[in-house]
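A few terms come up along the way.

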Amino acid sequence: MAEVLLETRSLKKYFPVRRGLFGSSRAFVHAIDGVGFSVMKGETFGLVGESGCGKSTLARIVLRLIEPDEGEILFENRDLRILKGHKLREQRAQMRMVFQKPFDSLNPRQTVMDIIADPFRVHGIRPEAGLEREVLRLMDLVGLSKDYVHRYPHEFSGGQRQRIGIARAIAMNPKLIVCDEPVSALDVSIQAQILNLLKDIQAEFQLTYIFISHNLSVVKFMSDRIAVMYLGQIIEMARADKLYSSASHPYTQALLSAMPNIEIAAKPERIILQGEVPSPVDPPRGCRFHPRCRYAMGICSKEPPVVSYLSSEHSVACHLARSEGAKP
Ligand code: SF4
């Protein structure tokens with residue numbers, strides 16, 4: 001039985017905004033609203049959804065780069081929200097991030113040596129083999145020539161910059177890496193190389209990943225289990241193979257129907273979602289997806305659906321799933 005590495009419970013994050021002619025009334029972006037999930041040691045947990053659904057905010061909350069308003073984050077059964085100062089810094093060394101835009105995440109005035117050595121300096125750690133040898137070892141692991149160690153980020157291609165970002169992320173032997181759209185800013189020809197590198201490194205160091213992407217093909221390639229997000233909530237969660245073969249939520253079905261080259265026996269009819277994603281400042285009552293759902297019923301605009309379990313590893317938040325007699 002796999003061990004849980006990370007667990008979140010009922011996370012909530014609202015960002016205040018002003019609206020009205022003079023910014024008089026106060027409103028809130030409902031960025032994350034009641035999100036809970038577990039990540040097992042050694043697995044890749046995918047988070048997928050359209051831009052603005054809250055997946056990147058969720059990743060930053062997990063790493064405590066953003067404080068949630070409510071909820072719990074447990075890492076190896078320790079409550080991260082109560083950690084402060086030295087203990088929080090120690091914990092952060094166990095949880096690293098690979099960013100979407102490698103160029104923006106690297107300091108243009110630092111050499112590769114300084115960038116990859118930075119986590120050691122921040123945490124006051126001297127690697128046994130010496131800092132420079134450790135940096136060269138990490139460069140070798142991610143496929144960068146040691147001849148580049150004194151070069152600056154602008155001297156590299158996008159793929160090479162992402163390799164630098166990955167070397168920095170694994171520098172302190174973390175247990176969890178959050179990959180936030182790590183290939184979406186790269187040329188398609190480079191994407192597969194970076195994804196394979198992430199897989200190789202995971203296998204070598206028994207890493208656990210949270211892998212975020214809007215691209216269902218990429219998430220399918222990387223993930224063991226996947227959660228689908230819509231307007232700040234998880235609406236379906238399942239093993240990757242199950243999700244792609246038997247998606248239950250109408251939103252997941254629509255996303256999958258738009259996937260090119262979907263590898264299932266019968267390609268579903270293309271479902272065109274009507275309308276835009278509603279504003280997270282004023283999300284629809286009841287099921288947040290109801291204004292765009294072709295199966296919406298009376299209850300959908302009144303009551304939010306509770307999570308139903310179609311099996312021990314497949315959950316969905318939809319009134320339809322409940323009315324079909326899903327196991328609670
Ligand atoms: Fe559609 Fe209703 Fe299910 Fe929401 S709860 S996805 S509106 S059927």
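Buried means under 20% relative accessible area, exposed over 50%, and partly exposed in between, with a 1.4 Å probe and protein chains only. This is a predicted model: local features need pLDDT of at least 70, side-chain atom pairs count only at pLDDT 80 or more, and totals for chains, interfaces and linings use all residues. Residues are numbered from 1 along each chain as its sequence is written, and side-chain values use heavy atoms, with hydrogens and water left out.

Start at Ala-171. This residue is buried, with a relative accessible area of 4%. Ala-171 sits in the loop between α6 (158-170) and β7 (176-180). Helices (H or I, at least four residues) and strands (E, at least two) are DSSP runs, numbered from the N terminus. Which residues does Ala-171 touch, leaving aside those up to four places away in sequence? They are Ile-116, Pro-119, Phe-120, Glu-134 and Leu-138. Contact here means heavy atoms within 4.5 Å. Phe-120 lies 51 residues from Ala-171 in sequence, yet their C-alpha atoms are 7.6 Å apart.

Now take α4 and α6. Their axes are 7 Å apart and the packing angle is about 30°. Axes are lines fitted to C-alpha atoms, for helices over the stretch in contact, and angles run from 0 to 180 degrees between N-to-C directions. The two helices, α4 and α6, are therefore roughly parallel. Angles under 35 degrees count as roughly parallel, over 145 as roughly antiparallel, 65 to 115 as roughly perpendicular and the rest as oblique. The crossing of α4 and α6 is right-handed. A crossing is right-handed if the near helix is turned clockwise from the far one by less than a right angle, and left-handed if anticlockwise. From α4 come Val-112, Ile-115, Ile-116 and Pro-119; they meet Ile-164, Ala-167 and Arg-168 of α6. This contact of α4 with α6 has 6 nonpolar residues, no polar and 1 charged. Ala, Val, Leu, Ile, Met, Phe, Trp, Tyr, Cys and Pro count as nonpolar, Asp, Glu, Lys and Arg as charged, and the others, Gly among them, as polar.

Next comes α5. The axes of α4 (residues 112-122) and α5 (residues 131-141) come within 10 Å and cross at roughly 110°. So α4 and α5 are roughly perpendicular. Their crossing is right-handed. On the α4 side, the contact includes Ile-116 and Phe-120; on the α5 side, it includes Glu-134 and Leu-138. The contact of α4 with α5 counts 9 nonpolar residues, no polar and 3 charged.
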